[in-house]
Amino acid sequence: MIRLPALLVPPLLLALAACSSLTPRDPLHIDLAGLEPLPGRGLELRFAVQLRVQNPNDEALDYSGVALELEVNGQPLASGVSDQRGEIPRFGEALVSVPVTISAFSVMRQTWGLGLYQPGQGLPYRLKGKFAGGLFGTQRFSDSGTLTWPEPPASPYSP
């Protein structure tokens, strides 16, 4: 009878140690760093979206896949996935490239939605996605804001 509790103590201590390592993590900070055109097929447009990912946590983030979606003006515009692997260092940053596709249907939907758009008016966007894998599982992220296109310059020939 004395051996049974003695056998349960090591697994219990191991479980408690594992739970203590599951401290809350701060969210990743994601910024759009750039877009590079990629070859497309037919009526689709393809880009490599460059994301600058900042990890404000005390542990590195190992990932084994990335997915993202971009909405503009409340409508889906582009989406993409990548099975790339990498690490964002603790209190560090990394550039991550994700290929995205914009379908002809998405372009038409955006064009119709922009019928009332005026230069200088803000255009809302939302970027959301996830980094998969690693010790802490999937890390979701999102970013939103307003795209403001500048007003066209006045013509020197207008009265």
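## Salt bridges, rings and core

Student: Start with E69. Buried, exposed or partly exposed?
Tutor: E69 is partly exposed, with a relative accessible area of 42%. Buried means under 20% relative accessible area, exposed means over 50%, and partly exposed is in between (1.4 Å probe, protein chains only).

Student: What am I looking at, and how is it numbered?
Tutor: This is a predicted model: local features need pLDDT of at least 70, side-chain atom pairs count only at pLDDT 80 or more, and totals for chains, interfaces and linings use all residues. Residues are numbered from 1 along each chain as its sequence is written, and side-chain values use heavy atoms, with hydrogens and water left out.

Student: Which residue forms a salt bridge with E69?
Tutor: K128 does, with the closest N and O atoms 3.9 Å apart. A salt bridge here is a side-chain nitrogen of Lys or Arg within 4 Å of a carboxyl oxygen of Asp or Glu.

Student: What does that pair tie together?
Tutor: K128 lies in strand β8 and E69 in strand β4, so the pair ties together parts that are 59 residues apart in sequence. Strands are DSSP runs (E, at least two residues), numbered from the N terminus. K128 counts as partly exposed at 28% relative accessibility.

Student: How many salt bridges does the structure hold?
Tutor: It holds 3. One of them joins the side chains of E93 and R52, at 3.0 Å, N to O. E93 is in strand β7 and R52 in strand β2, so this pair ties together parts that are 41 residues apart in sequence. E93 counts as partly exposed at 40%, and R52 does at 29%.

Student: And what about D58 and R90?
Tutor: Their side chains meet in a salt bridge, at 2.6 Å, N to O. D58 is in the loop between β2 and β3 and R90 in the loop between β6 and β7, so the pair ties together parts that are 32 residues apart in sequence.

Student: Switching to rings. How many aromatic pairs turn up?
Tutor: A search of the whole structure finds 2. Rings of Phe, Tyr and Trp (its six-membered ring) pair if their centres lie within 6.5 Å; planes under 30 degrees apart count as stacked, over 60 as edge-to-face, and the rest as tilted.

Student: Why is the pair of Y63 and F131 classed as it is?
Tutor: The ring centres of Y63 and F131 are 5.0 Å apart and the planes sit at 65 degrees, so the pair is edge-to-face. Y63 is in strand β3 and F131 in strand β8, 68 residues apart.

Student: How do the rings of F131 and F141 sit?
Tutor: They form a tilted pair, 5.5 Å centre to centre, with 45 degrees between the planes. Ring pairs link Y63, F131 and F141 into a cluster.

Student: Are F131 and Y63 buried or exposed?
Tutor: F131 is buried at 1%. Y63 is buried at 7%.

Student: Now the largest nonpolar core. Which members touch the most others?
Tutor: I30, L51, V53 and F131, out of 22 residues. The largest share of this core, 5 residues, comes from β7. A nonpolar core is a set of buried Ala, Val, Leu, Ile, Met, Phe, Trp, Tyr and Cys residues joined through side-chain atoms within 4.5 Å.

Student: Last one. How do β1 and β2 pair?
Tutor: Antiparallel, over 9 bridges. Two strands pair if DSSP finds at least two bridges between them. β2 also pairs with β7 in the antiparallel sense, over 11 bridges.

Conventions. Helix = DSSP H or I, 4+ residues; strand = E, 2+ residues; numbered from the N terminus.
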